Amino acid sequence: MNSLASLLVRWLVLALGVTIATKVVPGIACDDLTTLVVVVVVLSFLNALLRPLLLLLTLPFIVLTMGLGVVVINALLFLAAGNLIDGFQVAGFWSALGGAIVVGLTNLLLGGLVRPKRPQPPSTRKRDQKGDVIDI
């Protein structure tokens with residue numbers, strides 16, 4: 001799959017996650033399809049630019065919370081998108097946290113299904129003439 005197709009698939013999975021979040025998490029609403037597209041683009045932009053910086057700056061907190069700090073960062077980005085986009089409402093932090101969890105689970109479940117499989121590296125094990133394995 002080329003990079004453009006891969007990006008579109010990731011955006012579709014994100015759009016589905018945001019749509020599910022608007023249906024199941026109280027306090028999250030999206031007015032229409034155009035707003036949903038803007039939300040997906042803005043969330044992708046925030047995840048590409050701000051998320052790595054936030055992860056780096058909060059690394060001790062993330063380690064201390066055994067990774068749960070990443071969910072908090074995702075919730076803050078979700079809340080930021082709600083504040084930036086007219087027509088996309090996120091009532092507060094707890095709604096953003098619920099939305100981030102729903103979007104994360106959607107990405108985990110569907111992203112794994114549509115992600116292309118990586119080619120396996122060639123084995124470094126060699127067999128001698130009798131078929132025994134020789135590690136190098």
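Colleague: How many helices and strands does the chain have, and in what order do the elements run from the N terminus on?

Modeller: The chain has five helices and four strands, where helices (H or I, at least four residues) and strands (E, at least two) are DSSP runs, numbered from the N terminus. Read from the N terminus on, the elements follow the order α-β-α-α-α-β-α-β-β. Please keep in mind that this is a predicted model, in which local features need pLDDT of at least 70 and side-chain atom pairs count only at pLDDT 80 or more, while totals for chains, interfaces and linings use all residues. Residues are numbered from 1 along each chain as its sequence is written, and side-chain values use heavy atoms, with hydrogens and water left out.

Colleague: What is the average pLDDT of the chain, and where is confidence lowest and highest?

Modeller: The general idea is that pLDDT is the predictor's confidence in each residue, from 0 to 100. Here the chain averages 86, and 82% of the residues score at least 70. Confidence is lowest in strand β3 (residues 125-127), with a mean of 55, and highest in strand β2 (residues 88-90), at 94. Where pLDDT is low, the predicted coordinates should not be read in detail.

Colleague: What span should helix α1 have, and how far apart are its end C-alpha atoms?

Modeller: The expected span of a helix is 1.5 Å times one less than its number of residues. Helix α1 (residues 3-24) has 22 residues and should therefore span 32 Å, and its end C-alpha atoms are 31 Å apart, which agrees.

Colleague: Which residues of α1 are buried, and what share of the chain counts as buried?

Modeller: Buried means under 20% relative accessible area, exposed over 50%, and partly exposed in between (1.4 Å probe, protein chains only). In α1 the buried residues are V13, L14, A15, G17, V18, A21 and T22, and of the 136 residues of the chain, 29% count as buried.

Colleague: Which residues does T106 touch, leaving out those up to four places away in sequence?

Modeller: Contact means heavy atoms within 4.5 Å. T106, which has its place in helix α5 (residues 93-114), touches V13, L16, G17, I20 and G111 when residues up to four places away in sequence are not counted. With a relative accessible area of 8%, T106 is buried, and a polar atom of the T106 side chain lies 2.8 Å from the backbone oxygen of V102.

Colleague: Where does G87 lie, and is G87 buried or exposed?

Modeller: G87 lies in the loop between α4 (68-84) and β2, and because its relative accessibility is 11%, G87 counts as buried. Leaving aside neighbours within four places in sequence, G87 is in contact with A29, C30, D31 and T35. G87 and V38 are 49 residues apart in sequence, yet 9.8 Å apart in space, C-alpha to C-alpha.

Colleague: Which side chain is joined to that of T35 by a polar contact?

Modeller: A polar contact is a pair of N or O atoms within 3.5 Å; within protein, one must be able to donate a hydrogen and the other to accept it, and residues adjacent in sequence count only if both atoms are side-chain atoms. T35, placed in helix α2 (residues 33-57), has its side chain joined to that of D32 by such a contact of 2.6 Å. T35 is buried, at a relative accessible area of 10%, and beyond its neighbours within four places in sequence T35 is in contact with C30, I85, D86, G87 and F88.

Colleague: How many aromatic pairs does the structure hold?

Modeller: A pair of aromatic rings is described by the distance of the centres and the angle of the planes. Rings of Phe, Tyr and Trp (its six-membered ring) pair if their centres lie within 6.5 Å, and planes under 30 degrees apart count as stacked, over 60 as edge-to-face and the rest as tilted. The structure holds two such pairs. F78 and F88 form an edge-to-face pair, 5.6 Å centre to centre with 70 degrees between the planes. F78 lies in helix α4 and F88 in strand β2, so the pair ties together parts that are 10 residues apart in sequence. F78 counts as buried at 3% relative accessibility, and F88 counts as buried at 2%. F93 and W94 also form an edge-to-face pair, 5.3 Å centre to centre with 75 degrees between the planes; F93 is partly exposed at 29% relative accessibility, whereas W94 is exposed at 67%.
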